[in-house]
Amino acid sequence: MSTRPLPYSMQDVDYDNAKFRHRSPFKVITQALVTSSIRYDCGRCSIGKFLGLLMIVGLTYLMVGHKVSNHSPPSELLDGLVVGEDKLSKGVVHTIARSWRKPPRLPPQLPPAEVRNDTSNFDQKKLYPMSEWISRQQKVKETFHHAWSGYRSYAMGYDELMPLSHRGIDGLGGLGATIIDSLDTAMIMGADDIVSEAGMWIEKHLTERINTKGQVNLFETTIRVLGGLLSAYHLSGGEHGTLEDSGISVTLEGAKPEVFLEIAKNLADRLLSAFTSSPTSIPFSDVILHDSTAHPSPDGMSSTSEVSTLQLEFNYLSKISGDPKYGSEAMKVLEHLRTLPKVEGLVPIYISPQSGQFNGENIRLGSRGDSYYEYLIKVWIQQKTGRNSQLKYLYEMYTEAMKGVRHLLVRKSIPKGLVFVGELPYGSNGGFSAKMDHLVCFLPGTLALGATKGITKKKAVEGNLLTAEDLENLKLAEDLAKTCFEMYSVTSTGLAPEIVYFHIEMVN
């Protein structure tokens, strides 16, 4: 197997992130032009910035030009530096750009007395007092209320809010995805006003929309709408699953649990057509809600992660409704994936519902691949009796895949030695790409969950339940979590990039 990294120009060939919709440059520019606040800011600041830029260019040109003319370096030093007028101008531009660019934000530094070599004994309570945690918790709640207020004012009933143009769009089929996706968070936070408002909207409008809307994506609708309804059912008292079970005491208002369950069943009945219409166990990607039909995507392919990220919701719906058809159809996907050839447990990111076979060789734990690995262990844990039954194959598929990740995809960056998970765009016989999606940051939690089998690490240690492989996975989880933290800490905004390329040593 070749381990030589791919050149940057080849690392994003035909890259497609399933979790985000593409916006053309024309649309981006148009939205910017019609946004009044941007026009106002540009009109107010453009002259000052322009004059400042002219001054910097002039000063830099004088300084660089003076140094070049009076202090010419030896000819051997000119190689690889600035030579000739063209390279001189490029050097000036580079100098200006470098001085104009903001420096990266440095990672937070602990006081010397609080730096510990043994991170396993790290105690958050000693580092931050309880009042600090309560303050942070309150700020999270305030941010949630702020986001909901903007959505309610400008986009109530739409799937999403466009924050710059102050309008709503239906990018996920028009079922009010933000309302339903936010409801369980509002319940956990004790935001009674939002819970009541969202619950009433769902009770009054959602059934009609499900009965009349057109095309929706099976995956997105399952995790956001169906999953949101099922979470609301559980947290509002359905199946005796109240918030008090988790030590959270709040008074919930709004729709009753039975309402959430009935709407969820109506939606799931229509989504089932994606499974029943397919000639194989792999469901089609899109469903027409109003007539309960389904069809494949334009290219005929389904995402591996999408078809294998449906089982938790459908299994739970079967449990609470007493109808096994939902879980039965969804589990056929994993049963089929079990039979397909893999690369040390790793799978390509596309699969054909027509043939039931993987398509292409692209292997990654980013978009279109991520939650395949996540749901293997989660579904196994969800099915309590599965540990000693026919569902043990899920745990075996998970452990094999994690071995493959460690062997084929894990690398260290230079010079900082950050552990990351790369990609194999052309399979195990192609080059290694030192590219990591931000989405891969799901993996530390999944590794920890798989190592402890769903219980706390403390209980697993006390029960002597951790194998050598479990400990290896926990160490990898800590290393990857540190890398994910660094992705945030080194940017000037504190926001991590969507994609990161790491510098690694070349291997012949």
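Is Phe420 buried or exposed? I looked this up before anything else. Phe420 has 0% relative accessibility, so it counts as buried (buried is under 20% relative accessible area, exposed over 50%, partly exposed in between, with a 1.4 Å probe and protein chains only).

I note that this is a predicted model, in which local features need pLDDT of at least 70 and side-chain atom pairs count only at pLDDT 80 or more, while totals for chains, interfaces and linings use all residues. Residues are numbered from 1 along each chain as its sequence is written, and side-chain values use heavy atoms, with hydrogens and water left out.

Aromatic pairs. I took rings of Phe, Tyr and Trp (its six-membered ring) as paired if their centres lie within 6.5 Å; planes under 30 degrees apart count as stacked, over 60 as edge-to-face and the rest as tilted. The count by this rule is seven aromatic pairs. I looked up Trp148 and Tyr151: the ring centres are 5.6 Å apart and the planes at 45°, so this pair is tilted. Both residues lie in helix H6 (residues 130-155), three residues apart, about one turn of the helix. Helices (H or I, at least four residues) and strands (E, at least two) are DSSP runs, numbered from the N terminus. Trp148 and Tyr151 are both buried.

I then went back to Phe420, which forms a stacked pair with Phe502, at 4.3 Å centre to centre and 10° between the planes. Phe420 lies in strand S10 (residues 419-421) and Phe502 in the segment after strand S12 (499-501), so the pair ties together parts 82 residues apart in sequence. Phe502 is buried, with a relative accessible area of 9%. I also found one aromatic cluster formed by Trp380, Tyr395 and Tyr398.

Helix H16. I checked the length of H16 (residues 392-409): its 18 residues should span 26 Å at 1.5 Å a residue, and the end C-alpha atoms are 25 Å apart, which agrees. The expected span is 1.5 Å times one less than the number of residues. Tyr395 and Tyr398 are among the buried residues of H16. The buried residues of H16 pack against several elements, including helix H15 (370-382) and S10.

Tyr316. I placed Tyr316 in helix H13 (residues 311-321). At 17% relative accessibility, Tyr316 counts as buried. Leaving out residues up to four places away in sequence, Tyr316 touches Leu230, Tyr233, His234, Glu239 and Gln382 (contact means heavy atoms within 4.5 Å).
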